[in-house]
Amino acid sequence: MLLIVSNKDDLAADFMITRLEELSLDYFRLDSEDAVSLNYSVNCDSSGSDVVLRGEARGFSRAQVGAVWYRRAIYPVGLEGIADDFKRFAAQELRHLLEGLLPETDDVIWVNPIGATERAERKVRQLVLAPLYGLQIPPTIISGDSNELRAFAKHHRRIICKPISQGLVATRSQWSSVHTWEVMADDLAEIAACGFPTLLQELVPKGVDIRLTLIGDRAFPVAIETEPGADIDWRSSRNQLVYRPCSLPEIVIDNCKKFLAALGLVYGAFDFVQSPEGELFFLEVNPAGEWAWLELQLGLPLRDAFIHLFNMRQADR
């Protein structure tokens with residue numbers, strides 16, 4: 001059985017499930033929104049343990065799980081029956097319980113492991129490690145010192161600013177994303193004045209963006225072409241993009257595989273920018289990056305590559 005850990009707005013999980021059902025492959029989807037309504041039984045002593053988790057329609061024992069697809073972290077919601085002062089504690093208790101129930105024996109395949117995913121999401125760590133595995137990065141500074149930021153900007157003709165984290169901003173009314181943008185003189189004055197850690201990079205003149213999706217040993221490089229004058233960050237202008245399969249030098253793909261292994265991952269969505277002269281610069285790798293739209297747009301067999309990685313076989317449900 002494949003255990004999918006996600007939440008209800010995960011369209012990639014929906015897309016994968018359609019393929020699993022086409023192939024009659026067994027799965028259980030654990031969404032954060034359902035965590036509070038699950039029934040669970042945990043019995044353990046020195047001789048071993050027995051773990052059973054059951055949702056509204058069906059359940060499973062931990063021994064049935066052959067692979068875990070860790071798409072999204074578990075953040076329980078719907079704790080209306082809990083006093084406000086204790087909701088945070090109750091959600092943490094439930095999260096720790098459910099994460100503790102997930103099977104982590106040597107015979108269970110994780111895509112990707114929880115701890116490795118959380119560590120790999122640190123962009124600073126990626127920037128430090130990437131050159132050790134043959135990946136070229138743009139000149140970068142991360143500092144809260146206004147003088148250092150101004151000196152960096154003066155030394156490089158054009159610079160960009162990007163979030164150090166995932167860039168998600170939550171308010172009471174909505175979620176939004178902070179994308180990469182080119183920094184002008186007025187922007188830099190405001191950024192430098194705040195004294196907060198800021199990531200600046202030299203802007204690489206864009207020939208084309210490249211998304212390399214690595215699923216186990218399989219590599220799917222795709223060129224992403226933007227219209228002239230489009231935003232620097234292609235993710236903020238999806239409806240103006242053209243996708244096409246492309247090739248990358250084998251040494252680049254091999255280096256990415258080694259880098260991914262060093263991060264403890266078996267799946268990663270790599271983002272590169274290629275200059276007009278053909279130089280390739282690593283930007284980041286997302287251990288839970290989106291991919292479904294590439295299969296829909298280009299017909300790439302990404303779901304089947306995941307299923308192969310999960311080592312799934314047909315089973316009666």
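**Aromatic pairs around a helix**

Modeller: Gladly, with the reminder that this is a predicted model.

Colleague: How many aromatic pairs does the structure hold?

Modeller: A pair of aromatic rings is described by the distance of the centres and the angle of the planes. Counted with centres within 6.5 Å, the aromatic pairs in the structure number 15.

Colleague: How are the rings of Trp69 and Phe306 arranged, and how many residues apart in sequence are the parts that this pair ties together?

Modeller: The centres of Trp69 and Phe306 are 5.6 Å apart and the planes make an angle of 50 degrees, which is a tilted arrangement. Trp69 counts as buried, because its relative accessibility is 2%. Since Trp69 belongs to strand S6 (residues 67-70) and Phe306 to helix H9 (residues 302-310), the pair ties together parts whose separation in sequence is 237 residues.

Colleague: Is Tyr267, which also pairs with Phe306, buried or exposed?

Modeller: The Tyr267 and Phe306 rings form a tilted pair, with 5.1 Å from centre to centre and 55 degrees between the planes. This pair links distant parts of the chain, with Tyr267 in strand S17 (residues 267-274) and Phe306 in helix H9, 39 residues apart. The relative accessibility of Tyr267 is 3%, and the limit is 20%, so Tyr267 counts as buried.

Colleague: Which residue lies over the face of Phe15?

Modeller: Phe15 belongs to a cluster linked by ring pairs, together with Trp69, Tyr267, Trp291, Phe306 and Phe310. Over the face of Phe15, at 3.8 Å from the ring centre, lies Arg303.

Conventions
Residues are numbered from 1 along each chain as its sequence is written. This is a predicted model: local features need pLDDT of at least 70, side-chain atom pairs count only at pLDDT 80 or more; totals for chains, interfaces and linings use all residues. Side-chain values use heavy atoms; hydrogens and water are left out. Rings of Phe, Tyr and Trp (its six-membered ring) pair if their centres lie within 6.5 Å; planes under 30 degrees apart count as stacked, over 60 as edge-to-face and the rest as tilted. Helices (H or I, at least four residues) and strands (E, at least two) are DSSP runs, numbered from the N terminus. Buried means under 20% relative accessible area, exposed over 50%, partly exposed in between (1.4 Å probe, protein chains only). A charge sits over a ring if NZ of Lys or CZ of Arg is within 6 Å of the ring centre and within 35 degrees of the ring normal.
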